[in-house]
Each structure stands twice: as structure tokens, then as C-alpha cells.
Amino acid sequence: MATKVPAKPPTQPVQLPKTDDGGAVVVERKTEKVKPPQMYQVVMLNDDYTPMEFVVVVIQEFFSKDLEAATQIMLKIHLEGRGVCGVYTKDVAATKVDQVLDAAHKAGHPLQCVSEPVEL
């Protein structure tokens, strides 16, 4: 056991920056603005072989649309050649595309789905 009480370390007096005009020193904080992430739209493409019912089921399952919304998207795909199923961040959009392509492949349909950046 120690018999001596440890001495306190010497403290240095705090020195403020000196100015020759007697004014104060001001530090400005710069706030950084964070931009929102780039969004991507998941687009299904029309083909002449995939049944419309299958497209509706895929839209309902992977894009959480009700029957009416899924049917409207399917009709847009059928009539215009392509239709947007949803808008997501890059990783989520890529996952949705992979899920749709995998489901179409397993069912034996040539349904195509892509993601593309949303133009602002």
C-alpha cells in the first residue's frame, strides 16, 4: 500500500487567442447538406408469351399492389410496351428486378424487368 497521497498534476491556465483589434474570435460551423439517394424505377417490359395473369400476380407479390393497381400496370405494360412497377433506392430496385426475373424463370416465362435511374 502506498503511504503517500498522489499529487495533483499541474494545470495549465487556458489562454484565449489574442487579437490586436480587441475583437472576438468567431468560429463558423459549416453545415453539410446531404443529398437524398438516387432513386431507380423498376420497369417491366412487354412480351408476347407471358400470360397477363402471371404479370398481375408478380406485381401484387413483389410490389405490394392491390388487384386493381396491378391490373392497371399490367395493361400499361401490354399496351405501351413497358410499365413502371415502383420507385426504390438502387439496391432495393436491383433486388426487385432479381425477384421478378427469378419468378419468371421458374415459371418458364420470358418476362423481362429492368431498373433505370429516375430523371429529376
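Throughout these legends, a residue is called buried when its relative accessible area is under 20%, exposed when it is over 50%, and partly exposed in between, using a 1.4 Å probe and protein chains only. The model is predicted, and local features need pLDDT of at least 70, side-chain atom pairs count only at pLDDT 80 or more, and totals for chains, interfaces and linings use all residues. Residues are numbered from 1 along each chain as its sequence is written, and side-chain values use heavy atoms, with hydrogens and water left out.

View 1. Val84 sits in strand S2, residues 82–89, where helices (H or I, at least four residues) and strands (E, at least two) are DSSP runs numbered from the N terminus. With a relative accessibility of 36%, Val84 is partly exposed.

View 2. Gln41 belongs to strand S1 and is buried at 18% relative accessibility. Leaving aside residues up to four places away in sequence, Gln41 is in contact (heavy atoms within 4.5 Å) with a set of residues including Arg82, Val84, Val114 and Glu116.

View 3. Glu116 is partly exposed at 22% relative accessibility, and Arg82 is partly exposed at 36%.

**View 4. Salt bridges within helices.** In helix H2 (residues 67–80), Glu80 and Lys76 are four residues apart, about one turn of the helix, and their side chains meet in a salt bridge of 3.0 Å, N to O. Glu80 is exposed at 54%, whereas Lys76 is partly exposed at 39%. In helix H3 (residues 90–107), Lys106 and Asp102 are likewise four residues apart, with their closest N and O atoms separated by 3.3 Å in a salt bridge.

View 5. A disulfide is a pair of cysteine sulfur atoms within 2.5 Å, and the structure holds zero of them. Cys85 is in no disulfide, and the nearest cysteine sulfur, belonging to Cys113, is 5.9 Å away. Cys85 is buried at 2% relative accessible area, and Cys113 is buried at 3%.

Technical notes. Salt bridge = Lys/Arg side-chain N within 4 Å of Asp/Glu carboxyl O.
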